[in-house]
Amino acid sequence: MATVSQCDPAELRTLFLFEKLSDDQLERLCQEGHVEIIEPGPVFAEGDPAQCLYVLIEGTLVNSKRVGGDDVEVARTSQRGVYSGAYTAYLGNRVPQTYANSMRVSETSRFFVLGAECFAQIMNEWFPMPVHLLEGLFIGGQKTRETVGQRERLLALGSLTAGLTHELNNPAAAAVRATATLRERVAGMRGKLKLLASGQYDPGKLEPLIELQSRAAERVAKAPDLDPMEASDREDEVSDWLEDHGCTDAWRLAPVFVQGGLYSDWLEEVLATVGEDMVAPALRWLNYTIETELLMNEIEDATTRVSTLVGAAKQYSQLDRAPYQVVDIHDLLSSTLLMMSAKIKGITVVKQYDKTLPKFPAYAGELNQVWTNLIDNAVQAMHGSGTLTIRTARDDGNVLVEIGDTGPGIPPDIQKRIFEPFFTTKPVGEGTGLGLDIAFRIVVNKHHGDLRVQSVPGNTRFQVRLPLTPEHGSDEPAQEEPTQPENS
């Protein structure tokens, strides 16, 4: 509840904000504005249209910012002349004209109140040069942050693209090699088939041989993975058997049979089926069959890897999806880790995921930028070796994502500054100082979440909390507001 009254120009002059104004200017302020006596309680809320500038005459005002689902007090003062509200109205539509914070009064307080439009008009009439300077400072700083932030994102994208190119090249090259080898083996198989069908061998034994071929292909699909010692022992066993039965190239055939899961017991089955006189050419033909199956498996694995990487890139970039959507936090983290796989080689990755977490609405592509910045910082802090721990959990009405590393830690005096724009501890040319600033803006300003750090030597953890549901029942969170100075 507020009581409105006329203001006194002489009283306005006692406030530091107006002490240098002329009598005419003070008179106009009193004509355009008024004094309000406001009882304890809220005055305006963060994000609402900024309609008035409030200048404290007497009493106490409290400013707060929304962090996660809570209003966090950022300033409490009884200093006469402090101001809050529509103090950027003179910038017009260059910035969102909404309240950058919430204000309440903790005791009955008196304010000089001036409408936002009138404040903007007076500022531009009375102080054109300072207004231009302030515009340059504010808008220029904002554009600088945007430009450098864009460079930060491009640098990250370039680094990820280089890693992705490397990761794609390996399976692609493997598929090309396997395809070339497969072509040779298929040609050899045709030659062996021609020899078997030439009439030199009993035609009655060809049908069971074809049956053996089908069963061999089935066994290849179920072949166990042997450790190097087991594989070596098996190869020696199979090689000895082949040599005992007239196969002069046992050294070449044995590794293929073992890799396909076909050992001496299966060779005995072939011998019983085709007889001693036909076993050597039959085994060479079957060896081609097994090798083609193994090569096709290799091609399938390689192309699946390529497809997985492309899918991860699409998930990471979100190019084919709406900016704001319902997301699975683990899908986002997995795509980011896959995109950064080249960077985190040598790092032990520990995933502690709470799979019961529900999906929730978020800006998926921008959250991936947050994970990229935090993981990249963690990897750089560990200098190529250590443990990267990624943990998810439910924290009241929020999703908690914690990214930890075993690096040297962040000194306490630096922890207070790491989220400041352009602050960096990296050598010149290696960092812009905007990685954590960008992450903070995305988490706090855009998602109304929370980003904080806990750090001691050997255990640094960045904790991101994101609300499971959008605030105020809206379909989308509020648009990001520019960071503005607190003037109270």
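This is a predicted model: local features need pLDDT of at least 70, side-chain atom pairs count only at pLDDT 80 or more; totals for chains, interfaces and linings use all residues.
Local features need pLDDT of at least 70, side-chain atom pairs count only at pLDDT 80 or more, and totals for chains, interfaces and linings use all residues. Residues are numbered from 1 along each chain as its sequence is written, and side-chain values use heavy atoms, with hydrogens and water left out.

**Exercise 1. Find the order of the strands in the sheet that contains β1, and name the edge strands.**

Step 1. Know the terms. Strands (E, at least two residues) and helices (H or I, at least four) are DSSP runs, numbered from the N terminus. Two strands pair if DSSP finds at least two bridges between them.

Step 2. Read the order. Five strands form an open sheet, β1-β2-β9-β4-β7, with antiparallel pairing.

Step 3. Look at the edges. β1 (2-5) and β7 (83-85) each have a single partner strand, so one side of each is left without a neighbour in the sheet.

Step 4. Check the bridges. β1 and β2 (residues 34-38) share four; A2 has I38 as its partner in β2. β2 and β9 share five; here I37 is partnered by R110. β4 (residues 52-58) and β9 (residues 109-115) share six. E58 also has R110 as its bridge partner in β9.

**Exercise 2. Describe how α2 and α3 cross.**

Step 1. Take the angle and distance. Axes are lines fitted to C-alpha atoms, for helices over the stretch in contact; angles run from 0 to 180 degrees between N-to-C directions. The axes of α2 (residues 23-32) and α3 (residues 116-126) come within 11 Å and cross at roughly 165°.

Step 2. Classify. Angles under 35 degrees count as roughly parallel, over 145 as roughly antiparallel, 65 to 115 as roughly perpendicular and the rest as oblique. That makes α2 roughly antiparallel to α3.

Step 3. List the contacts (heavy atoms within 4.5 Å). Q25, R28, L29 and E32 in α2 meet C118, Q121, I122, E125 and W126 in α3.

**Exercise 3. Locate the disulfide.**

Step 1. Apply the rule: a pair of cysteine sulfur atoms within 2.5 Å. The count comes to one disulfide.

Step 2. Name the pair. C7 and C30 have their sulfur atoms 2.1 Å apart.

Step 3. C7 is in the loop between β1 and α1 (9-13), and C30 is in helix α2. They are 23 residues apart and link distant parts of the chain.

**Exercise 4. Classify the packing of α11 and α13.**

Step 1. Read the values. The axes of α11 (residues 364-382) and α13 (residues 435-446) are 9 Å apart, and the angle is about 140°.

Step 2. Classify. The two helices are therefore oblique to each other.

Step 3. Find the residues that meet. α11 brings E366, L367, Q369, V370, N373, L374 and N377; α13 brings G435, L436, I438, A439, I442, V443 and K446.

**Exercise 5. State which strands form the sheet that contains β11, and which helices lie across its strands.**

Step 1. Read the order. Five strands form an open sheet, β11-β13-β14-β16-β15, with mixed pairing. The edge strands are β11 (347-352) and β15 (450-456).

Step 2. Check one pair. β11 and β13 (residues 386-395) run parallel, joined by six bridges. I347 has G386 as its partner in β13.

Step 3. α10 (residues 329-339) lies across β11, β13 and β14 (398-405), at about 165° to β13. α13 lies across β15 and β16 (459-467), at about 135° to β15.
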